[in-house]
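Work through the exercises below with the coordinates open. Try each task before reading its solution.

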Amino acid sequence: MDTDADGATDGPFDDALTPAVRAVPDDGTVEGGVAGPGPGDVTELTGPRRTLDPGIQVVWVLKGVVPSLVLGGIVGVAFALLPVGSPGVGAAVALVAFVLSAVLSVLRYRSWAYEVREDSLYLERGVITHVRTVAPYVRIQHVDASRGPIERAFGLASTVVYTAGSRGADVSIPGLSPADAEDLQARLKRLAIAAEGEDAV
Amino acid sequence: MKLDPLSIPYRAGESVLRLAWLLVVLVVGSAFEGAAGPAFVVVGGFVVAAAYQVVYYQRFEYELTHDSLDIASGVVSRRNREIPVGRVQNVDVSRNVVQRLFGIAEIRLETAGGSSTEASLKCVSLAEARRLQEEIGRLTRGEQSADAPATDREREGLFAITPKELALLGVVGVDLRLLSLLTVVLTVLAPSLQERFADPLLGLVITAPLAAVAVVGLTASVSGALAVTNYYGFRLSRGADELHYERGLLQRFSGTIPMEKVQTLAVSENAIARRLGYASLAVETAGPAAGDAGQQSAIPLAERDRVVELARSVAAFDRLEFERPPGRARQRYAVRYGAVAALVVLGVFAADRATTLPFAWYAAAVLLPAAPVAAHLKWANLGYDVQPEYVVLREGFWTRTTTVVPYYRVQTVLDSRTVFQRRRDLATLVVDTAGTSGLTGGQPRALDIDAERAADLRRTVADRLQAELARRRDERRRERIRSIESAAPDAAA
């Protein structure tokens with residue numbers, strides 16, 4: 001579907017490029033490099049195009065329940081006060097909203113993909129609006145692993161990458177297994193250190 | 001070092017003024033008889049505040065070391081801070097009327113982190129403020145300090161505002177959108193207003209555009225007055241690797257922006273300025289979002305060619321040659337605006353039927369032929385220019401903003417396609433930087449360009465960022481080697 005899946009070096013300028021990564025010296029600059037391969041080679045930290053854990057669909061579907069009920073409730077009350085129609089419309093609205101959000105959840109899951117490239121993190125997502133983001137490692141300020149209550153109940157976690165850009169925390173990858181999230185966090189941290197940013201702004 | 005002793009009465013007076021509302025309550029509630037009561041409160045308040053400020057003054061220490069500004073402050077809870085000088089984005093000095101009378105100044109330091117000003121010294125003497133500004137600038141550049149004092153004499157003047165430009169600034173400051181909106185709304189409302197007040201005087205309302213002009217004239221004089229107070233005596237100069245500005249009639253501002261910290265440049269021209277051939281330039285640095293309006297304004301208003309020339313002296317971009325989005329983007333806007341216009345006409349028509357008041361609903365029909373014109377104008381002002389070191393993005397009819405983004409400053413780059421864009425095979429490219437976008441609003445983007453081209457550009461921008469990073473790394477390495485080599489003979493001798 002996308003010509004971009006085959007890597008970062010297919011641009012028109014690949015000839016003049018050296019990747020902005022260098023080997024991390026094995027001198028303790030990288031502390032706590034958990035779960036990753038041995039230090040020294042960052043190419044081992046990169047990975048192929050990945051999709052999310054299918055369990056995230058259930059989380060998103062459940063997250064749609066409350067807004068659907070609220071919407072249905074508002075419509076129901078409105079119709080109860082009006083002379084026309086019956087409060088039953090509210091239930092119908094809630095049901096339709098829920099089905100819509102469920103469909104969106106599934107489509108959203110299908111649209112999601114991420115790739116840990118040699119010099120940047122690449123993300124693809126969006127149902128109504130397709131968005132493809134490139135976040136270079138030099139620009140990473142810090143990386144969080146976060147787990148909300150519903151995510152925790154389903155054994156999932158997210159990794160959030162912060163840059164100094166005005167979009168701030170826009171780069172977040174949901175629906176990872178906790179081990180994956182931690183591994184991704186560790187990998188991104190090492191890649192960011194290896195990318196040797198000066199000031200990151 | 002300590003603050004200036006005069007900051008004690010200044011700060012005390014300020015805190016008393018801040019509590020002025022309390023005084024108003026007291027006077028209105030008339031807890032005391034006559035003027036003696038309020039006067040007693042004022043004097044008492046000032047004494048208490050002054051006592052507090054004396055302690056504050058005694059417990060406030062700052063020191064500029066060779067690599068950081070250390071501040072120890074706080075009366076009850078103490079706070080020690082070390083701000084690395086290399087992280088300082090800009091240093092601003094401001095002096096309001098009272099501060100000028102006292103000969104003191106307030107200094108603010110901005111860093112990229114945090115949501116507000118990192119540190120402010122309130123207040124130090126003017127000479128000390130100048131010294132700190134100079135010193136921090138010098139330390140940021142990595143020079144050894146105090147070899148040559150008064151480097152500000154070496155500053156090269158870049159721009160000084162003329163009275164004509166100051167006057168134009170007021171005219172240009174008017175929001176044209178207001179005019180167009182008022183014209184349409186007043187024309188539609190005219191008959192019903194006439195019906196309401198059967199007064200011959202209100203026949204004047206028929207000449208609604210005239211009323212709109214009056215409103216605009218009023219806002220023009222207000223914005224003119226603001227322009228004069230804010231930008232009176234505006235002067236931009238360039239020292240060793242930094243920009244320096246001064247401005248203001250009553251409250252004087254001066255600030256330095258290190259060239260190293262410049263993120264993006266934005267040339268903006270609203271419809272009036274464009275017609276007159278004028279433009280303004282903003283220099284954006286990373287920092288807390290849009291604190292002081294105009295803080296980043298490098299040139300409030302000047303002839304367009306001059307602005308572009310000055311911008312090019314800050315960032316060496318090539319002559320601008322814009323590519324426009326494909327024609328189907330224009331169709332998209334025509335459809336969108338047409339739909340909005342139809343909805344408005346429908347809405348006014350419904351209001352005419354549903355209420356007893358007559359509306360000139362047919363007047364709103366003017367909007368229908370206006371839709372394609374608006375679409376063309378929006379399209380014609382879009383553009384992007386991909387240069388070897390910069391990507392330049394242009395957008396906006398009412399205020400056209402041209403943003404110059406160095407690849408080196410790119411934070412993230414993305415392309416997005418909404419449902420409607422996908423139908424026409426269009427996409428929007430967003431190039432995000434750490435700039436605050438305080439003046440321009442929104443991120444630099446190329447709106448509605450061909451989807452394939454957008455994906456291409458996304459890769460290009462990301463690749464060129466990496467290439468630029470590699471180039472700078474090489475440069476630094478060479479410089480290090482050179483400095484070691486040049487140091488070696490000295491050591492041998």
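**Exercise 1. Describe how helix H2 (residues 65-81) of chain A packs on helix H3 (residues 88-111) of chain A.**

Step 1. Get the geometry. The two helices pack at an angle of about 155 degrees, and their axes lie 7 Å apart. Axes are lines fitted to C-alpha atoms over the stretch in contact, and angles run from 0 to 180 degrees between N-to-C directions. Helices are DSSP runs (H or I, at least four residues), numbered from the N terminus.

Step 2. Classify the angle. H2(A) and H3(A) are therefore roughly antiparallel. That class covers angles over 145 degrees.

Step 3. Assign the hand. H2(A) passes H3(A) in a right-handed crossing, meaning that the near helix is turned clockwise from the far one by less than a right angle.

Step 4. List the contact (heavy atoms within 4.5 Å). H2(A) contributes A:Val65, A:Ser68, A:Leu71, A:Gly72, A:Val75, A:Gly76 and A:Phe79. H3(A) contributes A:Val89, A:Gly90, A:Val93, A:Ala94, A:Ala97, A:Phe98 and A:Ser101.

Step 5. Sort these residues. Nine are nonpolar, five polar and none charged. Gly counts as polar here.

A note on the model and conventions. The model is predicted: local features need pLDDT of at least 70, side-chain atom pairs need pLDDT 80 or more, and totals for chains, interfaces and linings use all residues. Residues are numbered from 1 along each chain, chains are lettered from A and ligands numbered from 1 in written order, and side-chain values use heavy atoms, without hydrogens and water.

**Exercise 2. Where in chain B do the partners B:Arg453 and B:Glu323 lie?**

Step 1. Check the pair. B:Arg453 and B:Glu323 form a salt bridge, with the closest N and O atoms 3.2 Å apart. The rule asks for a side-chain nitrogen of Lys or Arg within 4 Å of a carboxyl oxygen of Asp or Glu.

Step 2. Locate the partners. B:Arg453 sits in helix H14 (residues 451-492) of chain B. B:Glu323 sits in the loop between helix H10 (304-314) and helix H11 (327-354).

**Exercise 3. How far apart in helix H14 of chain B are B:Arg471 and B:Glu475?**

Step 1. The side chains meet in a salt bridge at 3.1 Å, N to O.

Step 2. The residues are four apart, so about one helical turn separates them.

Step 3. Shared partners join B:Glu468, B:Arg471, B:Arg472 and B:Glu475 into one network.

Terms used:
Angles under 35 degrees count as roughly parallel, over 145 as roughly antiparallel, 65 to 115 as roughly perpendicular and the rest as oblique.
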